[in-house]
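Open the structure in your viewer and keep the sequence panel beside it. The tour gives you one selection at a time and says what to look for.

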Amino acid sequence: MSGKGPTRARVHGAEPSETLSLIEPKSLSGIVAAASDITLVLDSAAVIQSLMVNEASADFGNLDHWIGRSMREFLTSESLPKLDSALERFRRGEYPARPVELNHRDNAIWEFPILYTFHALGAEDRILAGQRA
């Protein structure tokens, strides 16, 4: 996957890679979850490897059944081409100027939109799909 370049950010002070490396791995998932309603860790085929739900977002209920399944299973039909397009741009190293709104659906009869940005994680072709605030 060639989308492993850094997401562009305006840096003030110390280089974030230096200061963020001080965060203990156990603390990182809590920090990531607090920054968005839902954060997904995907593999290169968009299969959900793990997810984090902000504790303040209890409306989503238990989403454990998403683990090990394709993100596509939980999107409306209108969102599938948007996901494919965003992932293709990500793989080419093109970061979308704006987040991508994807409408989720689940077994319950509800739908909800989430604005996602995509970020590379490590050397295992993992993708962090997080909500943009």
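Predicted model: local features only at pLDDT ≥ 70, side-chain atom pairs only at ≥ 80, totals over all residues.

**Stop 1**

Select residues 80-91, which form helix α3. How far apart are its end C-alpha atoms? They are 17 Å apart. At 1.5 Å a residue, the twelve residues of α3 should span 16 Å, so the two values agree.

**Stop 2: its buried face**

Within α3, now select L83, A86, L87 and F90, the buried residues of this helix. Turn the view until you look down the axis of α3: these buried residues fall within an arc of 95 degrees, so they line one face of the helix.

**Stop 3**

**Stop 4: after the helix**

Select G93, which follows α3. The phi angle of G93 is positive, near 85 degrees.

**Stop 5: the salt bridges**

How many salt bridges does a search of the whole structure find? It finds three.

Begin with R72 and D84, whose side chains form a salt bridge with an N to O distance of 2.6 Å. R72 lies in the loop between β2 (48-53) and α3, while D84 is in helix α3, so this pair ties together parts that are twelve residues apart in sequence. R72 is partly exposed, at 30% relative accessibility, and D84 is also partly exposed, at 34%.

Next select R69 and E73, whose side chains meet in a salt bridge at 2.8 Å, N to O.

Finish with R92 and E88, which form a salt bridge with their closest N and O atoms 3.7 Å apart. R92 is partly exposed, with a relative accessibility of 46%. For E88 the value is 37%, which also counts as partly exposed.

Terms used: Residues numbered from 1 in each chain as written. Heavy atoms only, no water. Helix = DSSP H or I, 4+ residues; strand = E, 2+ residues; numbered from the N terminus. Expected span 1.5 Å × (residues − 1). Buried < 20%, exposed > 50% of the residue type's maximum accessible area, 1.4 Å probe, protein only. Arc of directions from axis to C-beta. Salt bridge = Lys/Arg side-chain N within 4 Å of Asp/Glu carboxyl O.
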